[in-house]
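This briefing goes through one structure by topic. Keep the sequence at hand while reading.

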Amino acid sequence: MEHDPLGSYLRTHRRLSGLTLKELAHLLGYKNEMQVLRHEQSHTLPPLLVALGYETIFRTPVAELFPGAHRTIEQTIYPRLAKMEDELQGLSARGRGAAATARKLEWLSGRMDFV
């Protein structure tokens, strides 16, 4: 992920909490603060368990801590969901997979309302 000033709000949350980079790194199980610094500066994204650790520490959803990454993922996934919906709508409403197709279309229609 390229550096994006809105890519991560970790620094804001860390500063508001009064934690140092070293203290936050320790809470997350890192030996030093370099990985936390990379996450704060949006040079790297944390592994899932570390992202959940940030969420736990700051009591803020991962999507809000990393809005740049979240936005990028949405921009990738939403077109794929729309394409899947189009493909499913082109399938026959009969046969072995009809019930599964209907279930997927119902699920997709609820999701696509938010796009």
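In helix 2 (residues 21–28), the buried residues are Leu21, Leu24, Ala25 and Leu28. Seen down the axis of helix 2, these buried residues fall within an arc of 100°, so they line one face of the helix. The model is a predicted one.

**Helix 2**

- An α-helix has 3.6 residues a turn, so residues three or four places apart point the same way.
- Lys22, His26 and Leu27 are exposed on the other side of helix 2.
- The partners of the buried residues of helix 2 are helix 1 (10–17), helix 3 and helix 4, against which they pack.

**Nonpolar core**

- In soluble globular proteins, nonpolar side chains tend to be buried together.
- The largest nonpolar core has 12 residues in all: Leu10, Leu21, Leu24, Ala25, Leu28, Val36, Val50, Tyr54, Phe58, Leu65, Phe66 and Ala69.
- At least two residues of this core come from each of helix 2 and helix 4.
- With 4 residues, helix 2 gives the most to this core.
- Valine 50 is one of the core residues, and valine 50 touches Leu28, Tyr30 and His39, not counting residues up to four places away in sequence.

**Nonpolar surface patch**

- Leu48, Leu49 and Leu52 make a nonpolar surface patch of about 330 Å².
- Leucine 49, one of the patch residues, lies in helix 4.
- Leucine 49 counts as exposed because its relative accessibility is 71%, and the cut-off for exposed is over 50%.

- Serine 42 has a phi near 60°, a positive value in a residue other than glycine.
- The place of serine 42 is the loop between helix 3 (34–40) and helix 4 (48–58).
- Serine 42 has 3% relative accessibility and therefore counts as buried, the limit for buried being under 20%.
- Arginine 59 also has a positive phi in a residue other than glycine, with a value near 50°.
- The loop between helix 4 and helix 5 (62–65) holds arginine 59.
- Is arginine 59 buried or exposed? Arginine 59 counts as exposed, because its relative accessibility is 77%.

Conventions:
Residues numbered from 1 in each chain as written. Predicted model: local features only at pLDDT ≥ 70, side-chain atom pairs only at ≥ 80, totals over all residues. Heavy atoms only, no water. Buried < 20%, exposed > 50% of the residue type's maximum accessible area, 1.4 Å probe, protein only. Patch = residues over 30% accessible without salt bridge, like charges linked within 9 Å, V, L, I, M, F, W, Y side chains within 5 Å. Areas by Shrake-Rupley, 256 points an atom, 1.4 Å probe, with all protein chains shown as cover. Salt bridge = Lys/Arg side-chain N within 4 Å of Asp/Glu carboxyl O. Arc of directions from axis to C-beta. Contact = heavy atoms within 4.5 Å. Core = buried A, V, L, I, M, F, W, Y, C linked by side-chain atoms within 4.5 Å.
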